[in-house]
Amino acid sequence: MVTQKRINVPIFSYRLTIIIFDEFEELIGLIPKNTYDNCYGARGLTTDNGCSGIICVGSQFGSTIIHECEHVKNYIWSFIGYTPSADNDEVDAYLLTYLYEKVTDIWYKHKDKKS
């Protein structure tokens with residue numbers, strides 16, 4: 001089973017598709033074939049095409065959410081041309097928290113559908 005949702009990340013105009021999957025094979029047709037082939041069997045993966053991305057997390061690997069959100073955060077910074085500052089990482093932390101909460105919401109909805 002797959003649960004997915006598309007969101008727009010506020011302020012940054014970055015479109016993100018969140019996919020929670022039970023079996024990696026369920027991602028066929030939902031992610032680019034080359035990504036599927038290169039990442040086969042992964043707990044999660046993230047792709048980016050410049051102005052939008054896809055984040056996929058296996059339903060049995062909740063801790064992978066934060067890992068994949070870190071990738072999305074960096075894709076967004078690249079998209080808007082921002083260079084993070086080691087001296088003031090508040091904006092990093094706020095964006096990472098926002099992304100984590102959005103993905104976690106879908107992860108729990110997926111779990112609830114399976115119950």
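Predicted model: local features only at pLDDT ≥ 70, side-chain atom pairs only at ≥ 80, totals over all residues.
**Entry 1: Leu96.** I began with Leu96 and found it in helix H3. Helices here are DSSP runs of H or I with at least four residues, strands are runs of E with at least two, and both are numbered from the N terminus. Residues are numbered from 1 along each chain as its sequence is written, and side-chain values use heavy atoms, with hydrogens and water left out.

Is Leu96 buried or exposed? Leu96 counts as buried because its relative accessibility is 18%, and buried means under 20% relative accessible area, exposed over 50% and partly exposed in between, with a 1.4 Å probe and protein chains only. I then listed what Leu96 touches, leaving out residues up to four places away in sequence: Ile66, Cys69, Glu70 and Lys73. Contact means heavy atoms within 4.5 Å. I also looked up Leu96 with His71: they are 25 residues apart along the chain, and their C-alpha atoms are separated by 9.6 Å.

**Entry 2: Lys73.** I placed Lys73 in helix H2, which covers residues 64-80. Lys73 is a lysine that counts as buried, since its relative accessibility is 6%. What does its side chain meet in a polar contact? I found the side chain of Glu70, at 3.3 Å. A polar contact is a pair of N or O atoms within 3.5 Å; within protein, one must be able to donate a hydrogen and the other to accept it, and residues adjacent in sequence count only if both atoms are side-chain atoms. Setting aside neighbours within four places in sequence, I have Lys73 in contact with Asp92, Leu95, Leu96 and Leu99.

**Entry 3: H2 against H3.** Next I looked at the helix pair as a whole. Two packed helices are described by the angle between their axes and the distance between the axes. The axes of H2 and H3 (residues 90-114) come within 9 Å and cross at roughly 130°. That makes H2 oblique to H3. For the terms, axes are lines fitted to C-alpha atoms, for helices over the stretch in contact, with angles from 0 to 180 degrees between N-to-C directions. Angles under 35 degrees count as roughly parallel, over 145 as roughly antiparallel, 65 to 115 as roughly perpendicular and the rest as oblique.

Which residues of H2 take part? I noted Ile65, Ile66, Cys69, Glu70, Val72, Lys73, Ile76 and Trp77. On the H3 side they meet residues including Val91, Leu95, Leu99, Tyr100, Val103 and Trp107. By class, the contact of H2 with H3 has 13 nonpolar, one polar and three charged residues. Here Ala, Val, Leu, Ile, Met, Phe, Trp, Tyr, Cys and Pro count as nonpolar, Asp, Glu, Lys and Arg as charged, and the others, Gly among them, as polar.

**Entry 4: further along H3.** Beyond residues up to four places away in sequence, Ile106 touches Thr3, Lys5, Ile18 and Ile20.

Lys113 is also found in H3, but I have it as partly exposed, with a relative accessible area of 48%. What does Lys113 contact beyond its neighbours within four places in sequence? The list is Met1, Val2 and Thr3. With Thr3, the side chain of Lys113 makes a polar contact of 3.1 Å. Lys113 and Met1 are 112 residues apart along the chain, and their C-alpha atoms are separated by 9.2 Å.

Entry 5: Ile19 lies in strand S2 and is buried, with a relative accessible area of 0%. I saw that Ile19 touches, among others, Val2, Leu27, Leu30, Ile54 and Val57. Ile19 and Ile54 are 35 residues apart along the chain, with C-alpha atoms separated by 7.4 Å.

Ser59 sits in the loop between strand S4 (52-58) and H2. Buried or exposed? Ser59 is buried, with a relative accessible area of 2%. Its contacts include Phe21, Asp22, Trp107 and His110.

**Entry 6: the S1 to S2 loop.** I ended with Ile11, in the loop between strand S1 (2-9) and strand S2 (14-21). Ile11 has a positive phi of about 75° although it is not a glycine, and it is exposed, at 81% relative accessible area. Ser13 is found in the loop between S1 and S2. Its phi is positive, about 50°, although it is not a glycine, and Ser13 counts as exposed at 54% relative accessibility.
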